[in-house]
Amino acid sequence: MKHSFPVAVLFLGLSLFACFKKEAVSDIPLSLKAVELKTQEVPISKDFVGQVYGRADIPIRARVDGFLEGIHFNEGLEVKKGQLLYTIDDSPLREGLSREESRLSEARINLVNAENELGRISPLAEINAISKRDLDAAIARRDAAQEGVRAAEANVNLARINQGYARIYAPISGIIGKSGAKVGEYVGRAPNTVILNTISQIDSVLVEFFLTERDYISFAREIMADESKRVSQTDYALELYLADGQVFPHRGKLTFVDRNVDPSTGAILIQSIFPNPEKLIRPGQFAKVRAVVNLITDALLVPQRAVFELQGFYNVFVVDQEGMVSQRSIQIMETYGDQFVVESGLAKGEIVLLEGLMAVRSGQKVNVEMVQTN
């Protein structure tokens, strides 16, 4: 019992020392990384789903009907302009040409007879041995025979052209696809009126996508605002992202803006062209087009990791010159890389915390370590 008082005093002293030590430790300001806000010119990009077309996609059709007799190319490979692609059985066409040639011969014989008759009548008409009416009739028969020859010659030429259509040649050089008909099928008319094939030029490809009316207006105003900027500003070049998420190495440019906004969708068709020297992209693919739709001068940027959301509002911790922390609500305009474009709530030159967002509170004093962000 005689030792109880010193022991109690000892425990009481240790407890007070621990409290004083904890309070002393809590008074030491935290050292946290922070960044000074700056402004810069920021291009605002948006992504649009686009569909790929060949620089030229030419359908191959049969211009005469008949049984497909031959296919003279390898599907899926390149063909050259003027290369023979298909042959159609031209037996009926040859018969038609022979028939028209016979009619031409008949028309020429009729012309010879009419000219001979006119040759006999003309001298008689000069001496009034026959009437003027007979002479006019002979002249009319000669003229009709001449027109008959011209008509027969035209029919022969048409028959020759139709016979030539039985051999189908490549209208352009490019990649040809899978044939829509097989040897032995009847093509050109029912029951098989399909497009035989399509040839695509893919050294460059067209990508079509749609802009909303609002995006189009912003985009058009930005491009038309300054002629010199249009020439020198490379941010207007389009980027293409493929289905695997990889960016296509070649940038594209606008080639066509449709004349009107579709009233049913509120969007306008945009066409762009991308170089495709490796012929990686094929028609029919879907790809993501990234386009600059606006250019913000003196945009105030804040790193995304400095922003936290609370009850649906974006907030940051601002540090003043004395190192005091205050919570600030801000408005976000756009996203730019790993930063936000601030619409309101912050000013150029202010310092915001990058870390410790869950450990600090308003009114707390901190030591800041300034860092640079991209």
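This is a predicted model: local features need pLDDT of at least 70, side-chain atom pairs count only at pLDDT 80 or more; totals for chains, interfaces and linings use all residues.

Me: What makes β3 and β8 a pair of strands?

Reply: Two strands pair if there are at least two bridges between them. Strand β3 (residues 66-71) and strand β8 (residues 186-187) are joined by 2 bridges, so they count as a pair. They run antiparallel.

Me: How do you know that β3 also pairs with β5?

Reply: The same test works here: 3 bridges join β3 to β5 (residues 84-88), and at least two are needed, so these strands pair as well. They too run antiparallel. Within β5, Ile88 is the bridge partner of Leu68.

Me: Why is Ser272 called buried?

Reply: Ser272 sits in strand β12. Its relative accessible area is 0%, and buried means under 20%, so Ser272 qualifies. Leaving aside neighbours within four places in sequence, Ser272 is in contact with residues including Val205, Phe209, Leu238 and Thr255.

Me: And what makes Asn276 buried, in a loop?

Reply: Asn276 is found in the loop between β12 and β13. Its relative accessible area is 0%, under the 20% cut-off, so Asn276 is buried. Leaving aside neighbours within four places in sequence, its contacts include Asp203, Phe248 and Ile281.

Me: How do you know that the side chain of Asn276 makes a polar contact with Ile202?

Reply: The side chain of Asn276 reaches the backbone oxygen of Ile202 at 2.9 Å. A polar contact needs N or O atoms within 3.5 Å, one able to donate a hydrogen and the other to accept it, so 2.9 Å passes the distance test.

Me: What makes a group of residues a nonpolar core?

Reply: The largest one here has 27 residues, and Phe209, Leu211, Leu240, Phe274, Ile281 and Val341 touch the most other members. β2, β9, β12 and β13 each supply at least two residues of this core, and β13 gives the most, with 7. Apart from this core lies another, of 20 residues, among them Leu68, Leu85, Ile176 and Ala181.

Me: Why might such side chains gather like that?

Reply: In soluble globular proteins, nonpolar side chains tend to be buried together.

Key. Residues are numbered from 1 along each chain as its sequence is written. Side-chain values use heavy atoms; hydrogens and water are left out. A nonpolar core is a set of buried Ala, Val, Leu, Ile, Met, Phe, Trp, Tyr and Cys residues joined through side-chain atoms within 4.5 Å. Buried means under 20% relative accessible area, exposed over 50%, partly exposed in between (1.4 Å probe, protein chains only). Helices (H or I, at least four residues) and strands (E, at least two) are DSSP runs, numbered from the N terminus. Contact means heavy atoms within 4.5 Å.
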